[in-house]
Amino acid sequence: MGTRDEDLDLDDELVALVRGAAADLPGYPGDVASIRRRRAARRRRQTLYVGLSAALVATVLFGGVALFGPVGGPAPLTVVSTPPASPTVAASPPAPGTAGLQRLFFVPYGQSSEGDNGAQVGVRNNDDLDEVLPDGRLLTSHVPGLAAVVTAMSLPDGGFVALGTKSPTETTPPPGAAASPTPAGADERFNLAVVGPDGRVRSLRDTAALGLIGTNDQRVFMYDRQSHLLTMDLATGRQQALSWPALSPGAALAGGHFVELQGDAQQGDAQPPDTPTHCTLRVLDDRTGAQTSSRTLPVGDCDPGFGMRLSPDGQWLAVAQATPGGSVGAIGVLLINVATGQQYSQVLDQVAGSSDDGESVDFQGMAWLDAGRLRIAWTHLPAHPTRMYDKSEVLRLRTVATPGA
Amino acid sequence: MEPFGVRARLSGMDAPPTRELPAAARVPVAREPDDHSFDAFYRAKSDSVYRALAMTLGDAHLAREATDEAMTRACARWHAVRSMENPGGWAYRVGLNWATSWWRKRRREQPLWPDRDEAAVTDPQTPVALAALRRLPLNQRAVVVCRVLLDLSTVETADLLGLAQGTVKSRLARALAALRTVLTVEGEA
């Protein structure tokens, strides 16, 4: 510890009063065993994430070499099941997508840990595409050509694009002309499916993309394992690298522009790792990639949280956030007015206590129903879980409105 | 339809990150010697970190959660935290960041230092000190706690809280002046 500064006026009486008050408080009631249990539960969850990634790679590795280009023409989506997210049970294939409507797709994550009874407990994930329909029903669909869906995003015409691992049946090697402009090993390549609002697969293409940034009526914006930007032209299917230095993979796209939150993390022994030192909201034109405006925000806003969605008119940025570590705590949403920087936040759900009783909440997805209403989906695992749950069993939905909507 | 509450934020208190590290960057499982070392750190520092957080936050229950979270992170990253100059200060900062993040706003809006916590104290001066502290803004309380309870210098406090030294001095000066005023008034009453 350092030496006290000479110029500070810390009189003894005040110091004694504060120290006395601190010493008089009841002591810390925690114990190291509970910390270790908490750490172990968190590590198991991290392992699950790593396992998912490994499974995706393994699927590609052992599933054969990639097939390039459309496969057998358009194919319809296959409805796998329609588990209820609400008392209503979906009994029909998905309704055709509606132009301009964002569709609420789930992230492909579950969670697993050892329960009180020694059995695996948590939330089960599946390899197909989970979607909450506008009426609240949960629909699980198989996308032909994708063995396991990694991510999906709406298209402006009501369809969607989905990125996922290749089906094991794909054995045809890619043609000589590279489908994707950035080099990547065969074990790193995914398929990108473009699905129309009628549920039919328009195209299925090999890609080096690892994630989606957004879509407009002309292009799909993606990023690869090295965070290089890629685009695919929806009309021709041609993929190319994108050199827009102002655009990052963390951006959200809607209403003709990208919006991103950009913060620098300062590494240092005195600081918690990854603590951002500033946060800037930047707006970029989606045709040129040029920055059109920027705004400084409170540092905490650059918490990437679970994800971002921009309202269809591009006026509101929704950021889904959770407690650090994610396995216990709370789910909330932060809305940022892109034009004014005005912010609104709301805690949507949180566990009852802080102990390691297994209760947890986990973000699943969100989408704007229109320019003023945002729907968020998450799972809430009850305390002392005794088994693995399907997402439909523990799913919670909430629709929130922007001020004035 | 749920209405939004207007967001409040404390100046100078940054929310902690929830950034998910890439799988390849995740911290490996600590080895056995580190486990023993962490246990020693936990025994030596957890109570002081908790008391410092309790005095800063004005909420013993929130301080418990924040200490748990900070110690869990310290455990997970012990191979890095152990080499820091001030691991206890790091844990305090992590807990403070965690507790002051926006999703805890709802709790902060509740009355600070509920009666159930004060009921357990024995020194009659303690409620007076707590009442005086709770009148300070959180960022001033943090500086007071760092300087008085954690016994850090201005430079160390500035490093720990990510502030300029001048900011630390000015906040401390304002906090001490306010504390003296409150304590004088309450003493005369």
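Trainee: What is the mean pLDDT of chain A, and what percentage of its residues reach 70 or more?
Mentor: The model is predicted, and pLDDT is the predictor's confidence in each residue, on a scale from 0 to 100. For chain A the mean is 75, and the share of residues that reach 70 or more is 69%.

Trainee: Over which residues of chain A does pLDDT stay under 50?
Mentor: One stretch is residues 1–7 of chain A, for which the model has eleven contacts beyond four places in sequence. Another has 16 such contacts. Where pLDDT is low, the predicted coordinates should not be read in detail. The stretches under 50 include residues 1–7 and residues 324–328 of chain A.

Trainee: Why do the buried residues of H1(A) line one face of the helix?
Mentor: The buried residues of H1(A) are Leu17(A), Val18(A), Ala21(A) and Ala22(A). An α-helix has 3.6 residues a turn, so residues three or four places apart point the same way. On the other side of H1(A), Asp12(A) and Glu13(A) are exposed. Seen down the axis of H1(A), the buried residues line one face because they fall within an arc of 125°.

Trainee: How far apart are the end C-alpha atoms of helix H1 of chain A?
Mentor: Helix H1 covers residues 12–24 of chain A, which is 13 residues. At 1.5 Å a residue the helix should span 18 Å, and the model agrees with this: the end C-alpha atoms are apart by 18 Å.

Trainee: In what order do the four strands of the open sheet in chain A stand?
Mentor: The pairing in this open sheet is antiparallel. Strands E11 (209–215) and E14 (239–242) of chain A each have a single partner strand, so they stand at the edges and one side of each is left without a neighbour in the sheet. Neighbouring strands are turned by 35° against each other on average, direction ignored. The order is E11-E12-E13-E14.

Trainee: How many of the seven residues of E11(A) are buried?
Mentor: A residue counts as buried if 20 or more other C-beta atoms lie within 10 Å of its own. E11(A) is largely enclosed by the rest of the structure, because the number of its seven residues that are buried is six.

Trainee: Which residue of E13(A) is the bridge partner of Arg219(A)?
Mentor: Strand E12 (residues 219–224) and strand E13 (residues 229–233) of chain A pair in the antiparallel sense, over five bridges. In E13(A), the partner of Arg219(A) is Asp233(A).

Trainee: Which residue of E28(A) is the bridge partner of Ala377(A)?
Mentor: Strand E26 (residues 373–381) of chain A is mostly covered, with seven of its nine residues buried. Eight bridges join E26(A) to strand E25 (residues 360–368) in the antiparallel sense, where Ser360(A) has Leu381(A) as its bridge partner, and a hairpin links E25(A) to E26(A) through four residues. E26(A) also pairs antiparallel with strand E28 (residues 395–401) of chain A over seven bridges. In E28(A), the partner of Ala377(A) is Leu397(A).

Trainee: How many helices and strands does chain B have?
Mentor: From the N terminus on, the elements of chain B run β-α-α-α-α-α-α-α-α-α-α. The secondary structure therefore comes to ten helices and one strand.

Trainee: How many of the 17 residues of H2(B) are buried?
Mentor: Helix H2 spans residues 60–76 of chain B and reaches 24 Å from its first C-alpha to its last, close to the 24 Å expected. In chain B as a whole, buried residues make up 47% of the 189 residues. H2(B) is mostly covered, and its buried residues number 15.

Trainee: What ipTM and pTM does the model score?
Mentor: These scores belong to the model. The values are ipTM 0.73 and pTM 0.56.

Key: Residues are numbered from 1 along each chain as its sequence is written. Chains are lettered from A and ligands numbered from 1 in the order in which they are written. This is a predicted model: local features need pLDDT of at least 70, side-chain atom pairs count only at pLDDT 80 or more; totals for chains, interfaces and linings use all residues. Two strands pair if DSSP finds at least two bridges between them. Helices (H or I, at least four residues) and strands (E, at least two) are DSSP runs, numbered from the N terminus. Axes are lines fitted to C-alpha atoms, for helices over the stretch in contact, and angles run from 0 to 180 degrees between N-to-C directions. The expected span of a helix is 1.5 Å times one less than its number of residues. A residue is buried if 20 or more other C-beta atoms lie within 10 Å of its own, exposed if 12 or fewer, and partly exposed in between; C-beta atoms are placed from the backbone. The arc is that of the directions from the helix axis to the C-beta atoms. Two residues are in contact if their C-beta atoms, placed from the backbone, lie within 7 Å.
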